[in-house]
Amino acid sequence: AIDIQDLRARTGYVTLDPGYGNTGSCQSAITFIDGEKGILRYRGIPIEQFEEGPNFVEVAWLLIFGHLPNDAEYQNFAADLTTCANLDESMKHHFEGFPRSAPPMAILSAMINALSCFHPEFFDLEDEDHFRVAAAGIISKIRTIAAYAYRHSIGQPYIYPDPGLRYVPNFLHMMFSQPYAEHFCEPVVRDAINLVLLLHADHEQNCSTSTVRMVGSSQANLFAACAAGVCALWGPLHGGANVAVLEMLDQIHRGHISPEDYVRMAKDKDSKVRLMGFGHRVYKNFDPRARMLANVAERLLPTLGIQDPLLDIARRLEEIALEDPYFIDRQLYPNVDFYSGIIMRAVGIPTNMFTVMFSMGRLPGWIAHWWEQSRTLGNKIARPRQLYVGPGVTDHVPRDART
Ligand code: ACO
């Protein structure tokens, strides 16, 4: 047991809040969450209003600049995204240096850092116009990097961005137009990916966004901060959860386990099994993003005529859990990762790219937070304290006298 009096005597009065569960690290005007009521708002706009509304690029603008873009702002930003879509040709050699099996998140983080070497003009951002071009550059190029990472992993040639295509269609083009995958042109596919991206665009002080703010607090440049955000998102407790959902479905399928038996295991504490994609730390009644993606999945799967045993298992797990008192009593509902995994699988995004897609979606949030912080007067470098629990004063012992 920790002797708090002794600790305070040695360390002083420091608040201990592991995982910062109850510590507000900043003031922010970007995103509002009420987990009890299942509310998520971007700049005050309830997330549900995005279902039929703006596209990902408009939402990116909203988060970063604080208001929905008017037509001129939108057209200019879309044009900036088109202009910036290509990577410097020599960056292709960087991709070739990675083994085919390299985790795409490692490539993504490395390449965002590499971008900074090609764009030193964005190290010191003089004003909002300058920042806008930098933001467009990184939002546009992360899409190209993501698609190139995939092309590299399957040993296929890179497909250049098409200046005639908007954000999501251009991404699907770079991923799938060679060899040709017909479904990528389907409006229902584009709409689904658009919604997946925009529903991931910000979630206040989550692990990766806090990382971006922490790195940015040292006045590190936008590329460095976003590359750090990718690394934070990589972990299975954060962005990697959607991969865990698919791994669970695969395990059930390969092991010929019935969904009923798997749910039974998930209720048995000794089994250490959890129903991945169920439950959420903040949303205790429902995850509003999950509701919206569930609707999309319902439309998408029949339209694409998908017959996939893993998706059948997912549907069955959902049915069983939603009626099971164990899950109802503990307020465990499918979360955003459950449905985003299903949608990306249905569209043909390989599982190891799921977290990369999450990064593309979360990027506008990271940029918005980096900018908000860098413009906050009196911004301080993030420097948490600790409660020291190691030994007291101890004498150095010469090496030949050590036992
Ligand atoms: N399957 C089975 N039981 C569960 C699950 C689950 N997915 N989630 C929670 N429980 C049970 C716990 O065993 C516990 O039961 P008990 O009260 O009988 O001991 C109770 O529900 C509360 O669980 P906690 O772990 O205390 O809930 P917490 O809010 O801390 O955890 C979390 C939330 C981590 C998301 C958890 O629900 C979980 O592990 N879910 C599966 C993983 C997952 O989908 N993660 C992605 C979350 S979304 C995101 O982060 C982007």
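Residues are numbered from 1 along each chain, following the sequence as written. Because the model is predicted, local features need pLDDT of at least 70 and side-chain atom pairs count only at pLDDT 80 or more, while totals for chains, interfaces and linings use all residues.

Start with the chain as a whole. Its secondary structure comes to 17 helices and 3 strands; here helices (H or I, at least four residues) and strands (E, at least two) are DSSP runs, numbered from the N terminus. The C-alpha trace spans about 70 × 60 × 50 Å along its principal axes. With 403 residues, a compact globule would have a radius of gyration near 22 Å, and the chain's 23 Å agrees with that. That radius is taken over C-alpha atoms, and the globule rule is 2.2 Å times the number of residues to the power 0.38. Buried residues make up 41% of the 403 in the chain. A residue is buried if 20 or more other C-beta atoms lie within 10 Å of its own, exposed if 12 or fewer, and partly exposed in between, with C-beta atoms placed from the backbone. Of the contacts between residues at least 6 apart in sequence, 78% join residues at least 24 apart; a contact means that the two C-beta atoms, placed from the backbone, lie within 7 Å.

On to the strands. The 3 of them form an open, antiparallel sheet in the order β1-β2-β3, where strands pair if DSSP finds at least two bridges between them. β1 (31-34) and β3 (45-46) sit at the edges with a single partner strand each, so one side of each is left without a neighbour in the sheet. β1 and β2 are joined by 4 bridges, and Phe32 has Arg41 in β2 as its bridge partner. These two strands make a hairpin with 4 residues between them, and Gly38 in the turn has a positive phi of about 70 degrees. Strand β2 (residues 39-42) is also joined to β3, by 2 bridges, with Tyr42 standing opposite Ile45.

Among the helices, α9 (residues 207-217) is mostly covered, with 9 of its 11 residues buried. Those buried residues, including Thr211, Val212, Arg213 and Met214, pack against α10 (222-234) and α17 (354-374). Just after α9, Gln219 takes a positive phi of about 70 degrees.

Now for the annotated site. An unreviewed UniProt entry places the feature "active site" at His280 and Asp337. Although spread over 58 residues of sequence, the two cluster in space, with a largest C-alpha distance of 10.0 Å. UniProt positions follow the numbering used here, feature names are shortened, and annotations may be inferred rather than shown by experiment. His280 lies in the loop between α12 (259-267) and α13 (288-304). His280 counts as buried because it has 22 C-beta neighbours inside 10 Å. Leaving aside neighbours within four places in sequence, His280 is in contact with Asp287 and Asn335. Asp337, in helix α16 (residues 336-347), is also buried, with 27 C-beta neighbours inside 10 Å. With neighbours within four places again left aside, Asp337 is in contact with Ala241, Asn242, Val245 and Gly277.
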